[in-house]
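Visitor: Hello! Could you walk me through this one, from the overall fold down to single contacts?

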Amino acid sequence: MAAKPKLYYFNGRGRMESIRWLLAASGVEFEEEFLETREQYEKLQKDGCLLFDQVPLVEIDGMQLTQSRAILSYLAAKYNLYGKDLEERVRIDMYADGTLDLMLMIAQAPFRPPKEKEESYALVVQRAKNRYFPVFEKILKDHGEIFLVGNQLSWADIQLLEAILMVEELSVSVLSDFPMLQEFKTRISNIPTIKKFLQPGSQRKPPPDGHYVEVVRDVLKF
Ligand SMILES: N[C@@H](CCC(=O)N[C@@H](CS)C(=O)NCC(=O)O)C(=O)O
């Protein structure tokens, strides 16, 4: 039996969380090593595991992969979450890149000074409501299908659910003007592998707290 994928990152969401989501939604078990000290990070560097001296790092299929977007795209292809042809694939890429942009704004906010942090979160909610969610609402409404692309679950669906849940943590009523997205959220959340990942005790990570921010700063020295 092939070894489980192994994820090297902090014990928090950051740029690894979407990778956890894709694996979990695909029903793939994975191991995690959490970076807690500078020494762990320097050892990975010294051992030549980090292509550009950065995490996330994922060991899978005998490879050491870095660059979160490349990892996500590999997993999407491997686990049949990447559409049926090139046209579907590029749409999945566009939608996934949109939600990644939005989630990166959320991931970076805790590292800003308190006032800027609050402004960043407010901007995220505004962008979600005015830029990203209307697009996905319209896509679902126009094609009347249950998934964003084609007739099967894709990386784009999984990541949109992840993004919706993250923005709802900042504003519980953010979906109030988006009925298609409300239904989408319920539908995708009920896919058995995803439902399991949403249960307490899964490898899904909570929103970042002060301790997480401190560990990341200590390990990366910034
Ligand atoms: N484009 C890269 C960016 C990775 C990245 O910025 N990683 C941060 C931690 S979240 C890091 O390792 N920073 C250390 C550094 O850049 O020196 C990706 O998406 O994986």
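Guide: Gladly. A residue counts as buried when its relative accessible area is under 20%. Please keep in mind that this is a predicted model.

Visitor: With that cut-off, what share of the protein chain's residues count as buried?

Guide: The cut-off for buried is under 20% relative accessible area. Applied to the 222 residues of the protein chain, it gives a buried share of 46%.

Visitor: What radius of gyration does the protein chain have, against the value for a compact globule?

Guide: The C-alpha atoms fill a box of roughly 50 × 50 × 30 Å along the principal axes. For 222 residues, a compact globule would come out near 17 Å, and the protein chain agrees with that, having a radius of gyration of 18 Å.

Visitor: In what order do the elements of the protein chain run?

Guide: The inventory is nine helices and four strands. Read from the N terminus on, the order is β-α-β-α-β-β-α-α-α-α-α-α-α.

Visitor: Against which elements do the buried residues of α3 pack?

Guide: Helix α3 spans residues 68-78, and its buried residues are Ser 68, Ile 71, Leu 72, Ser 73, Leu 75 and Ala 76. Just after this helix, Asn 80 takes a positive phi of about 60°. As for the packing partners of those buried residues, they are α1 (17-25), β3 (57-60), β4 (63-66), α4 (86-108) and α6 (155-170).

Visitor: How does the shell around the ligand divide into nonpolar, polar and charged residues?

Guide: The shell includes Tyr 9, Arg 15, Asp 53, Pro 56 and Leu 220. By class, it holds five nonpolar, three polar and two charged residues.

Visitor: Is Lys 205 buried or exposed, and which side chain makes a polar contact with its own?

Guide: Lys 205 sits in the loop between α8 (192-197) and α9 (210-220). Its relative accessibility is 7%, so Lys 205 counts as buried. The polar contact between side chains spans 2.9 Å, and the partner is Glu 32.

Conventions: Residues numbered from 1 in each chain as written. Predicted model: local features only at pLDDT ≥ 70, side-chain atom pairs only at ≥ 80, totals over all residues. Heavy atoms only, no water. Helix = DSSP H or I, 4+ residues; strand = E, 2+ residues; numbered from the N terminus. Buried < 20%, exposed > 50% of the residue type's maximum accessible area, 1.4 Å probe, protein only. Polar contact = N/O pair within 3.5 Å; in protein donor to acceptor, adjacent residues only side chain to side chain. Near = heavy atom within 4 Å. Nonpolar A, V, L, I, M, F, W, Y, C, P; charged D, E, K, R; others polar. Contact = heavy atoms within 4.5 Å. Rg over C-alpha atoms; globule rule 2.2 N^0.38 Å.
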